[in-house]
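Please look over the sequence and the structure before reading on.

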Amino acid sequence: MVISMWKNLLQTMKERILQQRRMSVYNQAHGYEEELVKKQLQQFAGGSINLTKEDSGIGILTLNNPKIMNAFTGTMMLELQERVTELENWKDGKGLIIYGAGNTFCSGSDLNVVKAISNSQDGMNMCMFMQNTLTRLMRLPLITVALVQGKAIGGGAELITACDFRLMTPGSEIRFVHKLMGLVPGWGGGARLVRIVGSRAALKLLSGATRVDPERALHLGLSEETLSSSDEAGALEEARAWLSQYTEGPASVIRATKEMVAAGRELLLEAALRTEKDIFGTLWGGPANLQALATRPKHK
Ligand SMILES: CCC(=O)SCCNC(=O)CCNC(=O)[C@H](O)C(C)(C)COP(=O)(O)OP(=O)(O)OC[C@H]1O[C@@H](n2cnc3c(N)ncnc32)[C@H](O)[C@@H]1OP(=O)(O)O
């Protein structure tokens with residue numbers, strides 16, 4: 001009995017590790033040694049990443065380091081990875097809102113960390129770690145929204161591109177400042193920005209280190225809506241209401257919809273079509289489908 005429980009546990013852990021590897025971009029084959037990178041990041045402590053899972057199926061992820069405008073310390077990078085793992089395993093989840101504590105989003109990497117790891121190898125390790133985490137975030141079967149209050153700067157601007165949608169509050173700003181630091185984005189924000197706003201607009205925003213206010217973000221398709229509240233509680237409430245338009249209904253259907261769109265966004269057409277078929281197969285004749293057929297045959 002104990003042996004069989006132990007075997008099941010090992011099997012589940014193995015499946016989880018394999019699933020995480022499938023969702024990630026880098027592994028040992030790319031010279032990426034995750035355990036070493038984690039050990040190094042652990043040395044730069046401060047702040048936290050907090051997750052609450054609401055009964056509605058909406059998760060709230062808070063970037064919490066307001067003394068330095070929610071800049072990412074090493075331990076925050078590690079905690080973000082842990083929270084993403086938690087979200088991958090949250091089977092009732094439908095949506096996620098990411099926001100920053102203290103009325104501002106995030107000012108990127110903690111500059112103390114940037115200075116301490118300013119050699120090429122350490123920079124590459126941090127880059128691969130954050131790309132893996134943000135790619136897994138992007139591929140979550142949840143509809144994700146970045147709520148931008150105050151500033152989303154550098155890595156903070158990169159993080160918002162890993163979400164499906166962005167909402168901005170009045171007076172807020174998105175800015176890819178990398179060029180001013182002699183850099184380009186390294187957390188995957190460059191590749192994702194091109195897919196969101198197109199290559200011409202992305203080139204302007206990156207090479208101009210342009211300040212993007214809510215009006216310009218709307219015009220570029222970088223933001224969906226400018227909210228009316230500027231304060232944290234009001235903005236969060238508005239973001240919840242906005243997101244719930246899309247998370248209404250059975251979790252199985254919402255999650256399948258996001259997975260299908262993510263496949264369409266990332267895969268070549270034939271692979272995306274096959275994935276769509278597989279996802280369709282998980283719903284056809286399932287409980288949500290049968291109940292809809294029994295109770296709501298018309299859509300007037
Ligand atoms: C992935 C690559 C990266 O992300 S590299 C990092 C890119 N980010 C940056 O370079 C941001 C640098 N900071 C700034 O430009 C300004 O602080 C911004 C964000 C515009 C805010 O300006 P302002 O509203 O006037 O506030 P402030 O400068 O007084 O900041 C408040 C305190 O927070 C700190 N802070 C801010 N950002 C960071 C950061 N990324 N790392 C470490 N500390 C940061 C400021 O130094 C300031 O601290 P203090 O009150 O002076 O002790």
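The model is predicted.

**The ligand site**

The shell around the ligand has 17 residues. Met69, Ser107, Ser109, Leu111 and Gly155 come nearest. By class, the shell divides into 8 nonpolar, 5 polar and 4 charged residues. Strand E5 (151-153) supplies at least two residues of this shell. Helix H6 (155-160) also supplies at least two.

The table gives the pairs.

| Residue (backbone atom) | Ligand atom | Distance |
|---|---|---|
| Lys67 | oxygen | 3.5 Å |
| Leu111 | nitrogen | 2.8 Å |
| Gly155 | oxygen | 2.8 Å |

On its own, the ligand has 930 Å² of accessible area, and the protein covers 56% of that.

How far apart should the ends of helix H5 be? Helix H5 spans residues 120-138 and holds 19 residues. At 1.5 Å a residue, H5 should span 27 Å, and its end C-alpha atoms are 26 Å apart, so the two values agree. H5 is mostly covered, with 15 of its 19 residues buried. At the start of H5 sits a side-chain contact: an oxygen of the Asn119 side chain comes within 3.2 Å of the backbone nitrogen of Gln121.

Helix H3 covers residues 74-88, which makes 15 residues. From first C-alpha to last, H3 reaches 22 Å, close to the expected 21 Å. Is H3 mostly covered or mostly open? H3 is mostly covered: 12 of its 15 residues are buried. The buried stretch includes Gly74, Thr75, Met76, Met77, Leu78, Glu79, Leu80 and Gln81. Further along H3, Arg83, Val84, Leu87 and Glu88 are buried too. Charged side chains are thus on the list, among them Glu79 and Arg83.

**The sheet**

In what order do the strands of the open sheet run? The order of the 6 strands is E1-E2-E3-E4-E6-E9, and the pairing is mixed. Strand E1 (48-53) and strand E9 (225-226) are the edge strands, each pairing on one side only. Within the sheet, strand E3 (residues 95-100) and strand E4 (residues 143-148) run parallel and are joined by 4 bridges. In general, strands of a sheet pair through backbone hydrogen bonds, either parallel or antiparallel.

Conventions. Residues are numbered from 1 along each chain as its sequence is written. This is a predicted model: local features need pLDDT of at least 70, side-chain atom pairs count only at pLDDT 80 or more; totals for chains, interfaces and linings use all residues. Side-chain values use heavy atoms; hydrogens and water are left out. A residue is near a molecule or strand if one of its heavy atoms lies within 4 Å of it. A polar contact is a pair of N or O atoms within 3.5 Å; within protein, one must be able to donate a hydrogen and the other to accept it, and residues adjacent in sequence count only if both atoms are side-chain atoms. Accessible areas come from the Shrake-Rupley method with a 1.4 Å probe; for residues, only the protein chains shown count as cover. The expected span of a helix is 1.5 Å times one less than its number of residues. Buried means under 20% relative accessible area, exposed over 50%, partly exposed in between (1.4 Å probe, protein chains only). Two strands pair if DSSP finds at least two bridges between them.
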